[in-house]
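The text moves from the whole protein to one helix, then to the ligands and a loop.

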Amino acid sequence: MALNFSINATISPPNPVKVNYKNSSKTLQNVKNLVNKIGVPSISSSPHESLQKGNWVKLICGASFEDVVDIRNLSLVYTLAGVDCIDCAADASVVSAVSQGIEAAREILPVRRPWTMISVNDDEDLHFRKAEFDPDDCPLDCSRPCEKVCPADAILLEGKKSTAEVSHGTDMIGESKGGVITERCYGCGRCFPVCPYDKIREVTYVRDATATAELLKRNDVDAIEIHTSGRQTTPFEELWAGLGDSVRYLRLVAVSLPNIGETTISSLNQMYSIMEPHLHCLNLWQLDGRPMSGDIGRGATRESIAFAVQLAAAKDRPPGFLQLAGGTNAHTVAGLKKEGLFRTSITKNTTDEKSTANLLSSSNSLIGGIAYGGYARKIVGRVLNSLQSQHGLTLIEDHPDHLLEALQEAIALVGTVKCYDDPFLTH
Ligand code: SF4
Ligand code: SF4
């Protein structure tokens, strides 16, 4: 069931969330036991250290996904699962939803706080678009393939019978209501080609640099991700200039780009030289293999792995961690291991500086980590959908049985990178 929650909904600043333990204390204890058993609270290393060790995990809520209820619950679940960073839309309400989810998780158990990253674009980009159509234009006999194909449950249509239909029995007169739930649409584009009547439009947008600069000053925003095509650096340079001094508040600047073949490295070097004079924090290159496709199937991750192999072999690339995205799913770590790019020898609590330094200098110390988007949302989304259909819009921690189920899914995925020793590593 889809949510219809306004993107302009006011979310109050992060507050401690009161958990209703009544009737559910045993299940909530099971949640705590699970998180304690795999050792998430004992992860005291910072997200920076995770990047160095190669076991950084980022949850991508979606650059255009703005359903604040789902985002809050996803953030809670993945914080308990031990992610290092939560990447979300550059919108004040969305950032507050992430912060609320993180703080609610930390009310349950003292896990460390993941970084919050906001995503922006320097030009038109697949991640920054919405689908749109007028349901009144849709023939009533359409089988609504758009609704079925949407991975975000962002299309909801309800046929409405007209007076004429009721009195004359025709099914061709009347109107539909509903359409695209804007805040849930994250621009994957799967609905566009399936509409037999070509009714769905693509609406693109570019995040405003001035508004972004203001968001970066919030103390619950730690990082920015700039999506760029990599094909021309002028828009990138303009955006970077527009962010001005606000970048000094950051711990990490990520640049996300697709594989543009032989020119990728020169593009990275150009962007690095633009950033360098004002880059006073870590930087990361997000290798966007096959955008927004991790939920499609096993093979979706191949392109991001191939991209990683290509960049790992490049001697002349600029400084910065490498992190996979775009098609990443439960098969990504296995693919990286095959290529010798996953630091399998680092376990969850490697704190010995000497062994870490040795590993970092080894040929396998090239991948900082993995970001999971559509796949991470899909596996937990099943539980959130069930929660919502049973209880409506609600806080997941008020239903510990659902929280436990969602957490098992999240841990199974995050654990592939963090090397959790856990019975739920079934993916
Ligand atoms: S673009 Fe993707 S997320 Fe948006 S409505 Fe279409 S199928 Fe759903
Ligand atoms: S597939 Fe096209 S015509 Fe049919 S309901 Fe969807 S948008 Fe309307």
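Helices and strands are here DSSP runs, a helix having at least four residues and a strand at least two, and both are numbered from the N terminus. The model shown is predicted. In these terms the protein has 14 helices and 12 strands. Of its 427 residues, 47% are buried. Taking the contacts with a separation of 6 or more, 80% are between residues 24 or more positions apart.

Begin with a loop. Glu124 sits in the loop that runs between strand E3 (115-121) and strand E4 (129-132). Glu124 has 13 other C-beta atoms within 10 Å, so Glu124 counts as partly exposed. Glu124 is also 82 residues from Val206 in sequence, yet their C-alpha atoms are 6.5 Å apart in space.

Next comes helix H3, which covers residues 68-80 and has 13 residues. From its first C-alpha to its last, H3 reaches 18 Å, close to the 18 Å expected at 1.5 Å a residue. In an α-helix there are 3.6 residues a turn, so residues three or four places apart point the same way. Helix H3 is mostly covered, with 13 of its 13 residues buried. Just after H3 comes Gly82, with a positive phi of about 100 degrees.

Where does Val77 make its contacts? Leaving out residues up to four places away in sequence, Val77 touches Val380, Ile396, Ala406, Leu407 and Ala410. Val77 also belongs to the largest nonpolar core, which has 112 residues. Along with Val77, the residues with the most contacts inside this core are Ala81, Leu407 and Ala410. The core draws at least three residues from each of domain 1 (25-126 + 207-418) and domain 2 (129-204). In soluble globular proteins, nonpolar side chains tend to be buried together.

The ligands come last. Around ligand 1 there are 14 residues, and the closest are Ala131, Cys150, Cys185, Cys188 and Cys191. The shell of ligand 1 divides into 11 nonpolar residues, two polar and one charged. Ligand 2 has around it several cysteines, among them Cys138, Cys142, Cys146 and Cys195. Other residues around ligand 2 include Phe133, Leu157, Tyr197 and Ile200, as well as Arg144 and Lys199. Its shell divides into nine nonpolar residues, no polar and two charged.

Methods
Residues numbered from 1 in each chain as written. Chains lettered and ligands numbered in written order. Predicted model: local features only at pLDDT ≥ 70, side-chain atom pairs only at ≥ 80, totals over all residues. Expected span 1.5 Å × (residues − 1). Buried ≥ 20, exposed ≤ 12 C-beta atoms within 10 Å, placed from the backbone. Core = buried A, V, L, I, M, F, W, Y, C linked by C-beta atoms within 7 Å. Domains from an automatic or database assignment. Contact = placed C-beta atoms within 7 Å. Near = placed C-beta within 6 Å. Nonpolar A, V, L, I, M, F, W, Y, C, P; charged D, E, K, R; others polar.
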